Amino acid sequence: MPQLILLVIIGIIAWLGYRKFIADAEKLARQRERLRREQQTGANGTLVKDPKTGEYRLKRDDE
């Protein structure tokens, strides 16, 4: 029985690690695609409108 519990715990940890890896890979792919489009068009960044102030600013990497 303890071996089964240990196996289940290891399986859960592996699954969570896999999901984290996939999420990071997708985020990196989005960043690379955005950078590729910026280089292709000669842009210096992407502007986003702040809904509260109505001002435009450069999009940060964490958005």
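Q: How many residues apart are Arg-34 and Glu-38 in helix H1?
A: In this predicted model, local features need pLDDT of at least 70 and side-chain atom pairs count only at pLDDT 80 or more, while totals for chains, interfaces and linings use all residues. Residues are numbered from 1 along each chain as its sequence is written, and side-chain values use heavy atoms, leaving out hydrogens and water. Helices are DSSP runs of H or I, at least four residues, and strands are E runs of at least two, numbered from the N terminus. Both residues lie in helix H1, separated by about one turn of the helix, that is, 4 residues.

Q: Are Arg-34 and Glu-38 buried or exposed?
A: The two form a salt bridge (Lys or Arg side-chain nitrogen within 4 Å of an Asp or Glu carboxyl oxygen), with the closest N and O atoms 3.5 Å apart. Buried means under 20% relative accessible area, exposed over 50%, partly exposed in between (1.4 Å probe, protein chains only). Arg-34 and Glu-38 are both buried.

Q: Which residues do salt bridges that share partners join into one network?
A: Arg-36 and Glu-33 form a salt bridge, the closest N and O atoms being 2.6 Å apart. Arg-36 is partly exposed because its relative accessibility is 39%. Glu-33 is partly exposed too, at 32%. The network is made of Glu-33, Arg-36 and Arg-37.

Q: Which residue forms a salt bridge with Lys-20?
A: Lys-20 counts as exposed because its relative accessibility is 52%. The closest N and O atoms are 3.3 Å apart, and the partner is Asp-24.

Q: What percentage of the 63 residues count as buried?
A: The C-alpha atoms fill a box of roughly 60 × 30 × 10 Å along the principal axes. The buried share of the residues is 3%.

Q: In which helix is the place of Trp-15?
A: Trp-15 is exposed because its relative accessible area is 52%. The helix that holds Trp-15 spans residues 2-41 and is H1.
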